[in-house]
Amino acid sequence: MRARELQPGDEIRVISPSRSMAMIAEDQRELAKQRLEALGFTVTFGQHYMEVDDFVSSSIKARIEDLHQAFLDPKVAGILTTIGGYNTNQLLSDIDFSIIQSNPKRLCGYSDITALGNAIYAKTGLITYSGPHFSTFGMLHGLEYTTDYFRKMMLEDETISILHSDTWSDDAWYLDQEKRHFIPNEGPDVIQAGEAEGTIIGGNLCTLNLLQGTAYMPSLANSILFIEDDLESSPQTFDRDLQSLIHQPGFEGVQAIVIGRFQQASRMTQDLLRQIITSKKALAHLPVIADVNFGHTTPQITFPIGGRARIHASHGKVELIISE
């Protein structure tokens with residue numbers, strides 16, 4: 001199931017299913033709103049989006065109310081999450097998935113929102129989107145690539161060829177908008193060459209793994225895994241999280257793996273990642289590419305969970321095409 005494309009004039013509802021908007025600086029909130037309005041959207045906010053507790057979040061009841069209301073409101077065409085965090089999976093058993101199934105809309109976010117996006121797809125068949133949060137649009141510099149791929153995926157009905165950005169950044173932009181460090185981007189790294197096509201599943205790996213063994217885990221049949229992890233990861237934890245996913249029933253249905261760029265604090269290197277991938281017999285026959293523009297560095301693409309990907313990876317050249 002696929003919600004219609006967004007278009008200028010549509011209302012975007014911002015909700016906080018993970019951490020609260022209260023942690024986002026006021027000037028960044030205002031800039032994010034202006035950026036979305038410049039794309040032609042009307043921006044509204046859930047009733048509880050600013051509530052904050054000892055976990056920089058809000059009650060399950062409050063977050064569920066805002067999620068349900070966003071899907072029920074006929075004026076709302078798209079839903080953006082405020083930011084990630086740690087506790088979106090708390091919501092899953094309280095969601096009325098029939099509301100979502102009867103009112104399909106485009107929901108976008110990443111990181112901890114991986115649990116919500118994949119659960120919605122598993123329970124309803126509705127394609128969701130891994131891409132920028134509302135707070136991402138509060139970035140003053142270096143947002144053009146992210147905005148361009150968000151617009152291509154959310155507003156246009158077309159197949160998208162993923163080209164790498166000229167530069168990337170892993171700085172704490174939200175602490176100092178003018179103190180930025182941009183690094184030349186050499187493009188995707190082909191760890192294992194090959195061709196594949198399949199249904200996109202994934203997002204943040206350690207969050208996706210929270211769904212294992214539950215009714216909220218999507219099928220891996222004929223899938224292409226898009227996975228990434230953040231600065232709290234390390235080569236060792238990424239290895240065991242990937243191994244845990246390999247042990248998931250149905251992993252033999254995976255056709256390829258696309259890995260987002262690691263944050264520098266993770267201490268992952270191309271050599272270590274290559275060792276991790278090539279050490280696993282279950283991956284020996286799969287195309288695997290890394291350093292793709294998604295995850296916790298910037299900029300980032302928007303990709304559809306439940307959409308389609310096609311990969312042609314040879315040493316020296318990568319074609320990555322996504323569609324809904």
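Two bridges join strand 6 to strand 16 (residues 317-323), and the two strands run antiparallel. In this pairing, I160 stands opposite I322 of strand 16. The model is predicted. Both strands belong to an open sheet of 8 strands, ordered 6-16-15-10-11-12-13-9, with mixed pairing. Strand 6 (160-161) and strand 9 (189-192) stand at the edges; each has a single partner strand, so one side of each lacks a neighbour in the sheet. Helix 8 (residues 270-278) lies across strand 9, strand 12 (254-261) and strand 13 (288-295). The helix runs at about 25 degrees to strand 9.

Strand 11 (residues 223-228) is largely enclosed by the rest of the structure, because 6 of its 6 residues are buried. S223, L225 and I227 point one way from the strand. I224, F226 and E228 point the other way. Strand 10 (residues 194-204) pairs with strand 11 in parallel through 6 bridges. Here G203 has I227 as its bridge partner. Strand 12 is also joined to strand 11 in the parallel sense, over 5 bridges. I227 finds its partner in strand 12 at I259. Between strand 11 and strand 12 the chain passes through helix 7 (residues 235-246), and this β-α-β crossover is right-handed.

T302 lies in the loop between strand 13 and strand 14 (303-305). This residue is buried, with a relative accessible area of 0%. Beyond residues up to four places away in sequence, T302 touches C108, Y129, S130, G131, P132, Y149, F150, M153, M154 and I322.

The structure holds 18 salt bridges. R2 forms one with D157, with the closest N and O atoms 3.1 Å apart. R2 lies in the segment before strand 1 (11-15) and D157 in the loop between helix 5 (144-155) and strand 6, so the pair ties together parts 155 residues apart in sequence. R2 is partly exposed, at 34% relative accessibility. D157 is exposed, at 60%. R2 also meets E324 in a salt bridge (3.1 Å, N to O). E324 lies in the segment after strand 16, so this pair links parts 322 residues apart in sequence. E324 is partly exposed, with a relative accessible area of 24%. R2, E5, R106, D157 and E324 are linked in a network of salt bridges.

A further salt bridge joins the side chains of D10 and R4 (2.9 Å, N to O). D10 is buried, with a relative accessible area of 8%. R4 is partly exposed, at 42%.

Conventions:
Residues numbered from 1 in each chain as written. Predicted model: local features only at pLDDT ≥ 70, side-chain atom pairs only at ≥ 80, totals over all residues. Heavy atoms only, no water. Pairing = 2+ DSSP bridges. Helix = DSSP H or I, 4+ residues; strand = E, 2+ residues; numbered from the N terminus. Contact = heavy atoms within 4.5 Å. Axes fitted to C-alpha atoms, helices over the stretch in contact; angles between N-to-C directions. Buried < 20%, exposed > 50% of the residue type's maximum accessible area, 1.4 Å probe, protein only. Right-handed = clockwise from strand over helix to strand, strands pointing away. Salt bridge = Lys/Arg side-chain N within 4 Å of Asp/Glu carboxyl O.
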